[in-house]
Every structure is written in C-alpha cells, then in structure tokens.
Amino acid sequence: EVLNFGNLSTTPAGDPDADGKDNFFEYAFGTNPNDARSTSSFVPAVTGSGTRLSLTFRRRAGSAVEYVVESSPDLISWSSTPSGVLTEPFGNSYDGTGLGRSTCTLGAPIASQPRGFLRVRATVLGGL
C-alpha cells in the first residue's frame, strides 16, 4: 500500500484509477492500481498443435493470495476439480516484483468437447 499509494488507508475494494478493477485484483494479478492503462496479464491460447485451451496469467509468488482455476462447459456451472484442469508449475520471474506466471490447460482436447472455458479466482489468505 505504501509503495503504490503512499499510505495504509487504501482498501482492497478501492479503485483509484477508475478502471473497474479493485485494488485486490490489481495486486493479485500484477497490474498497476494507479494506471487505468495497466492491462491484465491473461493470455488465452490453443496449445498442443491446436488441441487444448490454455490460459497463462501473471500472479503473486508466496502465500498471501490463493488462486483457484475453474473450468466450465457452458459459463453457468463452474468446477474447480483438479482432474479437469492441468496446471504447470509456477514460474517465478525473479525480477524483484514478487510476480511470476502460471499456466493452466483444459485436460480434455478441444475436439472431444463442444465448448470449454477457464477462469481464475483470487482470494485473500491470512488477512491481507
């Protein structure tokens, strides 16, 4: 908070740059809470010679934030069952930001399902 705002009075729900993303989202996914042009790090891709949907995103190292990857066949029902999503090990960027990258991939090939979606939820751990 001091680094970004100069004080400790800012709340996780605040949005000082009015970009529609609260301070917790910006912290969890490594965007700048003071710059509305700071964009999300989510990169969807089709991998494995066009056979699987994957999502790569920037995230915090350590244990202050829990990241839950969920999949859905229809954007209505969501499952965080690990068997449906393959997750690569976290890759720390070692650049002093405390950020790294994670990639998750739908376990079923695209050809075997008519639709498939991925999302990432971030939740607070330990009273951040």
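This is a short tour of the structure in your viewer, one selection at a time.

**Before you click**

You're looking at a predicted model, where local features need pLDDT of at least 70, side-chain atom pairs count only at pLDDT 80 or more, and totals for chains, interfaces and linings use all residues. Residues are numbered from 1 along each chain as its sequence is written, and side-chain values use heavy atoms, with hydrogens and water left out.

**Stop 1: the whole protein**

Start with a cartoon view. You'll find two helices and seven strands, in the order α-α-β-β-β-β-β-β-β along the sequence. Both kinds of element are DSSP runs numbered from the N terminus: helices are H or I with at least four residues, strands are E with at least two. The C-alpha atoms fill a box of roughly 50 × 30 × 30 Å, taken along the principal axes.

Of the 128 residues, 28% count as buried. Buried means under 20% relative accessible area, exposed means over 50%, and partly exposed is in between (1.4 Å probe, protein chains only).

**Stop 2**

Side chains of opposite charge can pair when their charged atoms come close. A salt bridge here is a side-chain nitrogen of Lys or Arg within 4 Å of a carboxyl oxygen of Asp or Glu, and the count comes to three.

Arg 119 forms one with Glu 70, with the closest N and O atoms 2.5 Å apart. Arg 119 sits in strand 7 (residues 117–124) and Glu 70 in strand 3 (residues 65–72), so this pair ties together parts that are 49 residues apart in sequence. Arg 121 also bridges to Glu 70, at 3.0 Å between the closest N and O atoms. That pair links strand 7 to strand 3 as well, across 51 residues. Through shared partners, Glu 70, Arg 119 and Arg 121 join into one network.

Which of them is buried? Glu 70 is, at 7% relative accessible area, while Arg 119 is partly exposed at 32% and Arg 121 is partly exposed at 35%.

**Stop 3: Asp 35 and Arg 37**

Jump to this pair for another salt bridge, 3.2 Å from N to O. Asp 35 is partly exposed at 22% relative accessibility, whereas Arg 37 is exposed at 70%.

**Stop 4: the largest pocket**

Finally, select Glu 1, Asn 4, Phe 5, Asn 23 and Tyr 27: among the 19 lining residues of the largest pocket, these lie nearest its centre. Helix 2 gives the most, with four.

A pocket is an open set of points on a 1 Å grid over the protein atoms alone, where a 1.4 Å probe fits, with protein on both sides within 12 Å along at least five of seven lines; lining residues have an atom within 4 Å of a point. This one holds about 490 Å³ of space, the volume being what is filled by probe spheres set on the points, which are joined across faces, edges and corners.
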